[in-house]
Amino acid sequence: MAQRIVPEQMLRKPIPAASSYTALEQSIHRQINEYRRSRNLPPLTLDSRISAQALAHSQVMASGKVSFSHDGFEQRVQVIRRTIPYRAAAENIACNQGYSNPDVQAVQGWINSPGHRVNIEGQYDLTGIGISRNAKGEYYFTQIFIRSR
């Protein structure tokens with residue numbers, strides 16, 4: 001009879017509870033809005049319907065069901081369009097591991113990347129953020145930006 005072996009790393013790094021993700025999501029939202037304020041841009045409103053799509057993408061990337069990519073972006077925004085008419089949409093993703101502040105690392109990475117920074121500074125008014133972590137301790141972040149007006 002085959003024995004199921006649980007990797008030692010999984011035992012040492014339990015996947016955090018949803019409440020810890022909420023704190024990280026709120027931190028990212030705050031950091032992004034602070035950055036936008038520093039550029040005289042209006043803050044983004046966090047919308048749970050958009051966050052649900054962002055979370056779903058982070059979860060499938062963390063699970064390995066899809067690669068670390070923007071694959072499926074059109075489908076995510078089409079689901080959002082069912083409840084939020086929008087004029088424009090964009091997405092930032094990040095993956096990191098081994099940081100005590102993965103949220104800060106993700107935001108700083110986006111700000112330091114010209115393509116991601118364009119999305120952060122874009123003419124958007126709504127956002128959604130989703131975070132997932134796999135058994136290897138890798139955090140996957142998705143932030144979707146929506147211009148509804």
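This is a predicted model: local features need pLDDT of at least 70, side-chain atom pairs count only at pLDDT 80 or more; totals for chains, interfaces and linings use all residues.
1. The protein has six helices and four strands. Read from the N terminus, their order is α-α-β-α-α-β-α-α-β-β.

2. A word on the chain as a whole. The protein has 149 residues, and 45% of them count as buried. If you take the contacts between residues at least 6 apart in sequence, 70% of these join residues at least 24 apart.

3. Which of its residues are buried? Phe73, Arg76, Val77 and Ile80 are. These residues lie on the same side of H4, because they cover an arc of only 90° around the axis. Turn to the face of H4 that points away from this buried side, and you will find the exposed residues Glu74 and Gln75.

4. What covers the buried residues of H4? The cover includes helix H3 (48-63), E2 and strand E4 (139-147).

5. Now take H3 and H4 together. Two packed helices are described by the angle between their axes and the distance between the axes. For H3 and H4, the axes come within 9 Å and cross at roughly 155°. An angle over 145 degrees counts as roughly antiparallel, and H3 and H4 are therefore roughly antiparallel to each other. The crossing of H3 past H4 is right-handed. On the H3 side, the contact is made by Ile50, Gln53 and His57, and on the H4 side by Arg76, Val79 and Ile80.

6. Side chains of opposite charge can pair when their charged atoms come close. Arg76 and Glu91 meet through their side chains in a salt bridge, at 2.9 Å from N to O. This pair links distant parts of the chain, with Glu91 in strand E2 (residues 88-96) and Arg76 in helix H4 (residues 73-81), 15 residues apart. Are the two partners buried or exposed? Both Glu91 and Arg76 are buried.

7. How many salt bridges does the structure hold? There are four, and the pair of Glu121 and Arg39 is one of them, with the closest N and O atoms 3.8 Å apart. Here too distant parts of the chain are linked: Glu121 sits in the loop between helix H6 (114-120) and strand E3 (126-133), while Arg39 sits in the loop between helix H2 (18-38) and strand E1 (45-46), 82 residues apart. Glu121 counts as partly exposed, because its relative accessibility is 31%. Arg39 is also partly exposed, at 44% relative accessibility.

8. Arg49 and Asp47 form another salt bridge, in which the closest N and O atoms are 2.8 Å apart. Arg49 has a relative accessible area of 40%, so this residue is partly exposed. Asp47, at 11% relative accessibility, counts as buried.

9. Finally, please look at Asp125, which is placed in the loop between H6 and E3. Is Asp125 buried or exposed? Buried means under 20% relative accessible area, and Asp125 is buried because its value is 7%. Which residues does Asp125 touch, leaving aside its neighbours within four places in sequence? Asp125 is in contact with Pro43, Leu44 and Thr45, and also with Ile146, Arg147, Ser148 and Arg149.

Notes:
Residues are numbered from 1 along each chain as its sequence is written. Side-chain values use heavy atoms; hydrogens and water are left out. Helices (H or I, at least four residues) and strands (E, at least two) are DSSP runs, numbered from the N terminus. Buried means under 20% relative accessible area, exposed over 50%, partly exposed in between (1.4 Å probe, protein chains only). The arc is that of the directions from the helix axis to the C-beta atoms. Contact means heavy atoms within 4.5 Å. Axes are lines fitted to C-alpha atoms, for helices over the stretch in contact, and angles run from 0 to 180 degrees between N-to-C directions. Angles under 35 degrees count as roughly parallel, over 145 as roughly antiparallel, 65 to 115 as roughly perpendicular and the rest as oblique. A crossing is left-handed if the near helix is turned anticlockwise from the far one by less than a right angle, and right-handed if clockwise.
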